[in-house]
Amino acid sequence: MSDLLYSHTYQIQGRDFEHGGEASSDIKEALKRMGINPQVIKRTAIASYEAEMNIIVYTEKGELLLEVYPKMIRVTATDRGPGIEDVELAMKEGYSTAPPEIREMGFGSGMGLPNIKKNADRLLIESHPGKGTKVIFEIDIPNASV
Amino acid sequence: MINGKVLSGESLLDEVEIKRGFAADLLSDVLALVEVENRDVVLITGITNPQIVRTAVLMDIPMVIVARGKRVPWETITLGEEKGVIVVSTELIVFVTCGLLYKAGIEGARITRGP
C-alpha cells in the first residue's frame, strides 16, 4: 500500500469526556477538505467516534491514526488499556462492560464495536488482555472520488 | 411550542428548517440509526454532556433539545456555540416534547439500513 495521500495521528486522553469526539470531528473536517464522498466521510466519522469513545471510556490513553489512500480510508485505534477478554462477545450488540456512570452519559450501551463494524468495509480487532487493544478498520472510497 | 430556552446557536435559528425528529439517551443509537439528508433532524434527549453536540456535529444534526429541565453544563453550551449547533432546553419531559413536535408536523427521522 504505497500512494498514501494523507495521514495524521490524534492523541486521545482517557477519561477526558469533555474533549471526547474532538479527534473524530477533526477527521471529518480533514476528509471534507479533501473532497471525499460525504457518505464515506460520515461512515468514517461515526466509526472513528465510537473507537475514540472506547479509548476514553476504557483506557488511560490511546491514539487514532488516520490514513487516506486513493481508494480507501484506514483508521487504526491503539490503546494500552485493559484489553477485551472476549472479542466475539464484545461484537454482540448490547453486550457491555461499561459501569453505570458511563451509561448515564449516553455511552457504554454495547453498540460501539457493532457500530464500527456496520460502517466499515473491513474490521480487525487485536486485543491482548492486560496489554491493550488495536482496532483497525477500512472504508472504501467508491470510484476513487479523491 | 415546547416553551424552550435557546442556549446556543440562536443566530442559526432562521437557517434551520426541522422536518424530522429522533429521541434517544443512547448516543450510539443516534450514530447507528439516524439518517440525515438535509440537516433537518432534531435530536431530543435527556443527556446533557458535550457529547450531544459532538454527536450532532458528526451526524449533521443542527438542533438538540434537552428535555426534563436538566441543567445543561457550560461546556456543552460553549461547544454548541463554537460548532454551530442549536441547543435548546425545555422543562417538558421527552414524551411530551416529542408529542408536541409530532402534532406540529415534525415526522420521525429516517432510519438507516446500513451501508
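Analyst: A helix is a DSSP run of H or I with at least four residues, and helices are numbered from the N terminus. The model discussed below is predicted.

User: Which residue just after helix 2 of chain B takes a positive phi?

Analyst: Helix 2 of chain B covers residues 51-59. Just after this helix, a positive phi of about 60° is taken by B:Asp60.

User: How many of the residues of helix 2 of chain B are buried?

Analyst: A residue is buried if 20 or more other C-beta atoms lie within 10 Å of its own. Among the residues of this helix that are buried are B:Gln51, B:Arg54, B:Ala56 and B:Met59. Helix 2 of chain B is mostly covered, and the count of buried residues is nine of nine.

User: Is B:Leu79 buried or exposed?

Analyst: B:Leu79 belongs to helix 3 of chain B, residues 74-83. Leaving aside neighbours within four places in sequence, B:Leu79 is in contact with B:Pro50 and B:Val53. Because 26 other C-beta atoms lie within 10 Å, B:Leu79 is buried.

User: How far apart in space are B:Leu79 and B:Ile52, C-alpha to C-alpha?

Analyst: In sequence, 27 residues separate B:Leu79 and B:Ile52. In space, their C-alpha to C-alpha distance is 9.8 Å.

User: Which residues have the most contacts inside the largest nonpolar core?

Analyst: The largest nonpolar core has 67 residues, and its largest share, twelve residues, comes from helix 2 of chain A. Leaving aside neighbours within four places in sequence, B:Leu43 touches B:Phe22, B:Val30, B:Ala56, B:Ile61 and B:Val64. The residues with the most contacts inside the core are B:Leu43, B:Ala56 and B:Val64.

User: Which helix of chain B gives the most to the side that touches chain A?

Analyst: The contact between the chains involves 17 residues of chain B and 21 residues of chain A. Helix 1 (27-33) and helix 2 (51-59) of chain B each supply at least two residues of this side. The residues of this side of chain B divide into nine nonpolar, four polar and four charged. The most, five residues, comes from helix 1 of chain B.

User: What distance separates the end C-alpha atoms of helix 2 of chain A?

Analyst: Helix 2 of chain A is mostly covered, with 19 of its 21 residues buried. At 1.5 Å a residue, the 21 residues of this helix (residues 38-58) should span 30 Å. The model agrees with this expectation, because the end C-alpha atoms are separated by 30 Å.

User: What is the radius of gyration of chain A?

Analyst: Chain A has five helices and five strands, in the pattern β-α-α-β-β-α-α-α-β-β along the sequence. For 146 residues the globule rule gives 15 Å, and the chain is close to this, so chain A is as compact as a globular protein of that length. The C-alpha atoms of chain A fill a box of roughly 40 × 30 × 25 Å along the principal axes. The radius of gyration of chain A is 15 Å.

User: How does B:Asp40 count, with 19 C-beta neighbours inside 10 Å?

Analyst: B:Asp40 sits in the loop between strand 3 (34-35) and strand 4 (41-45) of chain B. Not counting residues up to four places away in sequence, B:Asp40 touches B:Glu17, B:Ile18, B:Lys19 and B:Arg20. Being buried takes 20 or more other C-beta atoms within 10 Å. With 19 such neighbours, B:Asp40 therefore counts as partly exposed.

Terms used. Residues are numbered from 1 along each chain as its sequence is written. Chains are lettered from A and ligands numbered from 1 in the order in which they are written. This is a predicted model: local features need pLDDT of at least 70, side-chain atom pairs count only at pLDDT 80 or more; totals for chains, interfaces and linings use all residues. The expected span of a helix is 1.5 Å times one less than its number of residues. A residue is buried if 20 or more other C-beta atoms lie within 10 Å of its own, exposed if 12 or fewer, and partly exposed in between; C-beta atoms are placed from the backbone. Two residues are in contact if their C-beta atoms, placed from the backbone, lie within 7 Å. Ala, Val, Leu, Ile, Met, Phe, Trp, Tyr, Cys and Pro count as nonpolar, Asp, Glu, Lys and Arg as charged, and the others, Gly among them, as polar. The radius of gyration is taken over C-alpha atoms; the globule rule is 2.2 Å times the number of residues to the power 0.38. A nonpolar core is a set of buried Ala, Val, Leu, Ile, Met, Phe, Trp, Tyr and Cys residues joined through C-beta atoms within 7 Å.
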